[in-house]
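Hi everyone, thanks for coming. I'd like to walk you through one model today, so let me put it up on the screen.

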Amino acid sequence: MKRWLLALLMLAAAPAAAETLVSTLSNSQVLITSSFDGATLSMFGSIEPGAEGTAEGPYNIVVVITGPLQSRVARIKTSNYGIWSNTDQVTFQHFPSFYAVISSGKLDAIAPPDVLAQYTVLPEDQARTTAQATGLKAERFSLELVRMMGEEGHFVMQEDGVRFLSNNAYAVNLQLPSDVVNGRFLVRTLVLKNQQLVTERTESFSVRKSGFENFVFVASRQQPLLYGIVCVLLALGTGWLAGVVFKR
Amino acid sequence: MQIYLPIAELSMNLFFLVGIGGAVGFLSGLFGVGGGFLLTPLLIFSGVPSPVAVASVTGQVAAASTSGALSYYRRGGIDLHLAMYLILASTIGAMAGVATFSALRSAGQLDLFISVSYLLLLGFVGTLMMVEAVRTMMRRRQGIVTPDRLPSQHSWMHGLPMRIRFKKSRLYISVLPVLAIGVFIGWVGALLGVGGGFILVPALVYLLRVPGNVVIGTSLLQVVAMMCVTTILQALTSQSVDIMLAFCLMVGGTIGAQFGASAGKYLRGDQLRALLALLVLAVAIRFGLTLVLPPSDPFSMAVLAGGLPQ
């Protein structure tokens, strides 16, 4: 939440730019149904001339997608007297459950380090800024957490994911995994030219369960006793029915 | 075909879920145990978050045991009086187990605790059953017929006060060891997401000397009752019972259990016990190895409870 406000403030404080960005998402809402198996979103954008000046490329685009924030913990196992057990851990408060950086080229080639740092673009920075630890320990666990998130498909780096349709228009495809966390997703688009930030834009979409899936989830949270009783009746009923069907 | 699990918040293959439910159900029908000790680790290994796996398997175990318990009830193979005491005690144990589960999870030692308990419990029970089954087999080979009922040796347990007569089991014993076994089974079951049948059956046979014809039925009834209580407790406290996951497992499990039960008729009791002992020991060794062998990745991560947005 804090970071969103920060992003909005920076947006408001930006000087009257030579270019403006117009963009749209294919869906403002991803609905999860019983056959949900991940989703693909498309994003289209165009760099338009602003109040002053013209829009002439070549431009580079960096799109950063941040999923709902969670508290996550990374742990390390070490061997004590021959038994492997968790011995150390670092908690990451308000850490994104999903994070994707999609750009039109190698990040270090198209964006200066200060812009990357200012917008905490790099996944490692997401971990560093949320780690509840300091020094070497925070650094080590941050790198490992980002690696594990990447292995599970929650963190994505796609340095050739932005397709330019013309000099000023581009398209981006975003894949959401099937175990995506429900909630609000923030999409920040940075437009760069000659390694300088030209303009940027923030929009969002949400992922939520619909229909029966939503009903089940809400029931388990708001009527837990009733939900548990229904589970039990379902179990007893299924067991009884199987006994009857196979009795012959 | 993928199916979305609303509480686990991920989608899994429907046939895979029904399939592992069926495979474990077959074994549970064969041996008269719930099968939770196999299903819970299988689900965790397949990527289901462990709180959801532990809480949802309880529903499946209840379903798989229900049909078995019903058929034993029709045949008069249940000591209702004994089961009542066990159920009461295990309900209390289950409450303590659910509380312990939450405490260990926040301390980050749940994995270690689960591995060590599985190792000790399964290793101990598996060895015990193996030794007994092999001994019976050897006696049978020598031509000695072992009675269905174990000799009622008088142990220290029979000197305890508050003796109660359990007619169906032809027992006149103190209620204290019965309650102690019940509480322990309830606690372990809720904590590990297992029905506890694989502990209860040997405990009833070796400790209380319950005759063979009512052991399995009584144990199944106790498992059904305890799993129902645990499901409701988990729904109330951890809110991680996934009804869709549980239902997929139930459908496979109940069907598999029927086939397992009919396959069991072709095997002798001691052979069944030896096979079950092998299975239990294999799972124990698997948990033992994770403790001793260096992990492929020393790092692991988890979402802290309460971190999920509503």
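Let's begin with α2 of chain B, where G36(B), F37(B), L38(B), L39(B), T40(B), P41(B) and L43(B) are buried. The helix runs over residues 36-45 of chain B and is mostly covered, with 7 of its 10 residues buried. Just past the end of α2(B), you'll find G47(B) with a positive phi of about 105°. Please keep in mind that this is a predicted model.

Let me zoom out to chain B as a whole. Chain B contains 10 helices and 5 strands, and its C-alpha trace spans about 60 × 40 × 40 Å along the principal axes. How does its radius of gyration fit a compact globule? For 310 residues, a compact globule would come out near 19 Å, and chain B has 19 Å, so the two agree. Of those 310 residues, 53% count as buried. Looking at contacts in chain B with a separation of 6 or more, 81% are between residues 24 or more positions apart.

Now over to chain A, and its open sheet of 6 strands. The order is β2-β12-β11-β4-β7-β8 in chain A, and the pairing is mixed. At the edges sit β2 (29-32) and β8 (155-158) of chain A, each of them pairing on one side only. On average, and ignoring direction, neighbouring strands of this sheet are turned by 15° against each other.

Inside that sheet, have a look at β11 (residues 183-193) and β12 (residues 196-209) of chain A: they run antiparallel and are joined by 11 bridges. If you want one pair to click on, L190(A) has E200(A) in β12(A) as its bridge partner.

Finally, how do the chains meet? On the chain A side, 53 residues are in contact with 52 residues of chain B. The elements that each supply at least two residues to this side of chain A are β5 (69-80), β6 (83-96), α5 (135-151), α6 (211-222) and α7 (224-245). Which of them gives the largest share? That is α7(A), with 15 residues. By class, the side of chain A that touches chain B has 25 nonpolar, 19 polar and 9 charged residues.

There is strand pairing between the chains too: β5(A) and β5 of chain B (residues 299-303) pair in the antiparallel sense over 5 bridges. Within that pairing, R72(A) has V303(B) in β5(B) as its bridge partner.

That's my tour, and I'm happy to take questions!

Technical notes: Residues are numbered from 1 along each chain as its sequence is written. Chains are lettered from A and ligands numbered from 1 in the order in which they are written. This is a predicted model: local features need pLDDT of at least 70, side-chain atom pairs count only at pLDDT 80 or more; totals for chains, interfaces and linings use all residues. Two strands pair if DSSP finds at least two bridges between them. Helices (H or I, at least four residues) and strands (E, at least two) are DSSP runs, numbered from the N terminus. Axes are lines fitted to C-alpha atoms, for helices over the stretch in contact, and angles run from 0 to 180 degrees between N-to-C directions. The radius of gyration is taken over C-alpha atoms; the globule rule is 2.2 Å times the number of residues to the power 0.38. A residue is buried if 20 or more other C-beta atoms lie within 10 Å of its own, exposed if 12 or fewer, and partly exposed in between; C-beta atoms are placed from the backbone. Two residues are in contact if their C-beta atoms, placed from the backbone, lie within 7 Å. Ala, Val, Leu, Ile, Met, Phe, Trp, Tyr, Cys and Pro count as nonpolar, Asp, Glu, Lys and Arg as charged, and the others, Gly among them, as polar.
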